[in-house]
Amino acid sequence: MAETRAETKVKRAPAAPPGHAPAALSPADGSRPGIPPETLSGIPIEPLYTEKDLPEDLDHRMMPPGEFPYLRGLHPGMYRARLWTMRQFAGYGSAAHTNERFHYLLGHGMTGLSTAFDMPTLMGYDADHPMSLGEVGREGVAVSTLDDMEILFHGIPLDQVTTSMTINAPAIILLAMYVAVAEKNGIPPDKLGGTVQADMLKEFIAQKEWIIPPRPSVKICVDMIEWCAEHMPKWNSISISGYHIREAGATAAQELAFTLADGIGYVEECVKRGMDVDVFAPRLSFFWDVHNDFFEEIAKFRAGRKIWAEVMRDRFHAKNPRSLMLRTHAQTAGVSLTAQQPLNNVARVAIQALAAVLGGTQSLHTNSMDETLALPTEEAATVALRTQQIIAYETGVTATPDPLGGSYFVEALTAEIEKEALGYIRRIDEMGGIVVAVEKGYPQKEIADSAYRFQQQVERGERVIVGVNKFQAENEEITIPVLKIDPEIERGQIDRVRAVRARRPKERHAQAMSALRDACMSTKNLMPFVLDAVRAEATLGEICDVFREAYGVYREPAVF
Amino acid sequence: MARKIRVLVGKAGLDGHDRGAKVVASAMRDAGFEVIYTGLHQTPEMIVQAAVQEDVDAVALSILSGAHMTLFPRVLELMREKGLKDVLLTGGGIIPKEDMEALRKQGVGDLFGPGTTTGAIIDYVRGWVAKHRAPAGAAGAAPARTGTSR
């Protein structure tokens, strides 16, 4: 391996002739206006990259895919052996509506399910709670009861598909409901494959969908990780997410750093509980954003795998190779899409998706062009899925793993992002870990500052957004079709949750709730108690109310 | 002395998307406004109560959850109940154009969608406040010259 590369170095073309390209492109010489010679995240870009820019430990970095530190990919053949999972996030209206969309997408070649829940569900309120007013079924599917969950997955063979559920604060309840629905269909938990997002640290940092304070929230995350390690060997017990951190305004390096710091935080808590790192770590998964800066994004995916592998080996002494592998889902950057000239978003999504594939993702969601306006229509969602299929089957980029490996620029950028991310991780360690940093509002403030800086650059015209601050259409009327959510859905959902409360066996429900209440006062793993409550048809809101009483409700300091 | 323009930037409902609200709040602060940010997960009642207590010139709501057709009318209704007549209700988020127009007809001010510059929002609030604070004759004053009547 090392020998081959040494040979390559000798053979490489000499740097550009003096006075040629580098001089013409140097900033002092006036690069093209509006295109600053730096990445989207502000990493300066040299006029030309040569052998001199390659990192010194290149041999270590260039180990083949499937070998430590996995910079070039997790598996030897990568997409030659197996394509990524095309997993389109879907959910709106009632459980029956979303079930229909699931069947439609599976019928069109999607290979994994991904569930979007509505705001009341995400925040732990039943549809008939006053806080749910006007929000039921709007941004995702409404699930208040086990009955809703059964309708949501009706007719889908749960032992044959994998299901991702984007749910965090009430994740333990939705996981329990999924297990209970499978149970009713005769499928044991160890046959279930999928992911529950369940990453509360990034909620406090970025997405802001919380119920109880950070420490008990992390405790419940660890309960799930522990329970899954024992009962659900094919299930990803957490999806440690950079996506929301990036969407909230973080740079690529901040996304990497805060997410990996979250991961370190969870592993520390699990180890403190006495769990063997090699038992749970193989089921930890990650979730990256894929933004517009093509090479920076590819570099981010590569740097992330290396940092995680080294952290798991050196800090946590993991021995199982699967514990070292950063397996990731990716989604194109919603924040990069524009309401203006929405068809342009198809091009943005295609380029971002290509970056995720060149970065070596395990699974991918491509956004629909209309998502800055509303949830996607069926047609827009289909184009998004087709975009992945075009990359997979027409472009040829799947033929060899890590095709950009060894590129002067990509390797230099990978090393630079790694260095910047490690700097943040060190600062967080010095603060006493990620939970303390979050309580102090450190990542939150860093992200808000980056978001404001970016907006200022856009308004000064230093950042071009096609169709928004350059190449605008005059008197543009947006004419693409937009998905409308029927307000009747809220009414129907309220009736359904009330009907369940009225008809369920009262005594069994009361017993399960009382046992759950007691368990919250102890250090016991809550998963068996939540599972019992769900089997007794306790609603999502009722279980979350138990958490609210036991642990209190989190209020963030309102700073900007 | 001209009183600074006071704006309440609010996040109503369950929606946690606060990037836009924070960016707009920062830009308004840098433009010389006094900005009160409510933080997340406020009810319409909490927002209007804060608007009364803080004696603001404008309430700017950020809603990206699709609940705008419920939340804007409710906040407006409560503002009227509390006698906040010369206070602007504006805002932004993922709001389709026809919904913006329907809300305008009910008495909500301009609403801003994705891609809006913070400058456009600031100019609008300045212009509105100048018009509504000034005596009738000064109503046409340039938006940039605010508060000259006080």
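Between which two elements of chain A is A:Pro69 found? A:Pro69 is in the loop that runs between α3 (58-61) and β1 of chain A. Helices (H or I, at least four residues) and strands (E, at least two) are DSSP runs, numbered from the N terminus.

This is a predicted model, in which local features need pLDDT of at least 70 and side-chain atom pairs count only at pLDDT 80 or more, while totals for chains, interfaces and linings use all residues. Residues are numbered from 1 along each chain as its sequence is written, and chains are lettered from A and ligands numbered from 1 in the order in which they are written.

**Backbone exceptions in chain A**

Most residues other than glycine have a negative phi, and most peptide bonds are trans. The bond that joins A:Phe68 and A:Pro69 is cis, with omega at about 5°. A residue is buried if 20 or more other C-beta atoms lie within 10 Å of its own, exposed if 12 or fewer, and partly exposed in between, with C-beta atoms placed from the backbone.

Two strands pair if DSSP finds at least two bridges between them. In chain A, 5 strands form an open sheet with parallel pairing, in the order β1-β10-β9-β8-β7. The edges are held by β1 (85-86) and β7 (238-241) of chain A; each has a single partner strand, so one side of each has no neighbour in the sheet. β1(A) pairs with strand β10 (residues 363-365) of chain A in the parallel sense over 2 bridges. In this pair, A:Thr85 stands opposite A:Ser363 in β10(A).

Helix α7 (residues 171-184) of chain A has 14 residues and reaches 20 Å from its first C-alpha to its last. That is close to the 20 Å expected at 1.5 Å a residue, where the expected span is 1.5 Å times one less than the number of residues. Of the 14 residues in α7(A), 11 are buried, and the helix is mostly covered. Among the buried residues are A:Ile172, A:Leu175 and A:Tyr178. The cover over the buried residues of α7(A) includes α6 (146-152), β4 (162-166) and α9 (214-231) of chain A. After α7(A) comes A:Gly186, which has a positive phi near 75°.

**Domains of chain A**

Chain A is divided into domain 1 (70-192 + 475-506) and domain 2 (197-360 + 434-472); these bounds come from an automatic or database domain assignment. The C-alpha centres of domain 1 and domain 2 of chain A lie 21 Å apart. Two residues are in contact if their C-beta atoms, placed from the backbone, lie within 7 Å. By this rule, 24 residues of domain 1 of chain A are in contact with 30 residues of domain 2 of chain A. On the side of domain 1 that touches domain 2 of chain A, α7(A) gives the most, with 3 residues. This side of domain 1 of chain A divides into 17 nonpolar, 4 polar and 3 charged residues. Ala, Val, Leu, Ile, Met, Phe, Trp, Tyr, Cys and Pro count as nonpolar, Asp, Glu, Lys and Arg as charged, and the others, Gly among them, as polar.

Chain B has 5 helices and 5 strands, in the pattern β-α-β-α-β-α-β-α-β-α along the sequence. Of the 150 residues in chain B, 50% are buried. The 5 strands form an open sheet in the order β2-β1-β3-β4-β5 (chain B), and the pairing is parallel. Its edge strands are β2 (34-37) and β5 (111-112) of chain B, each pairing on one side only. Strand β1 (residues 6-11) of chain B pairs with β2(B) in the parallel sense over 4 bridges. B:Arg6 stands opposite B:Glu34 in β2(B).

Between the chains, 32 residues of chain A are in contact with 28 residues of chain B. α19(A) gives the most to the side of chain A that touches chain B, with 5 residues. By class, that side of chain A has 18 nonpolar, 7 polar and 7 charged residues.
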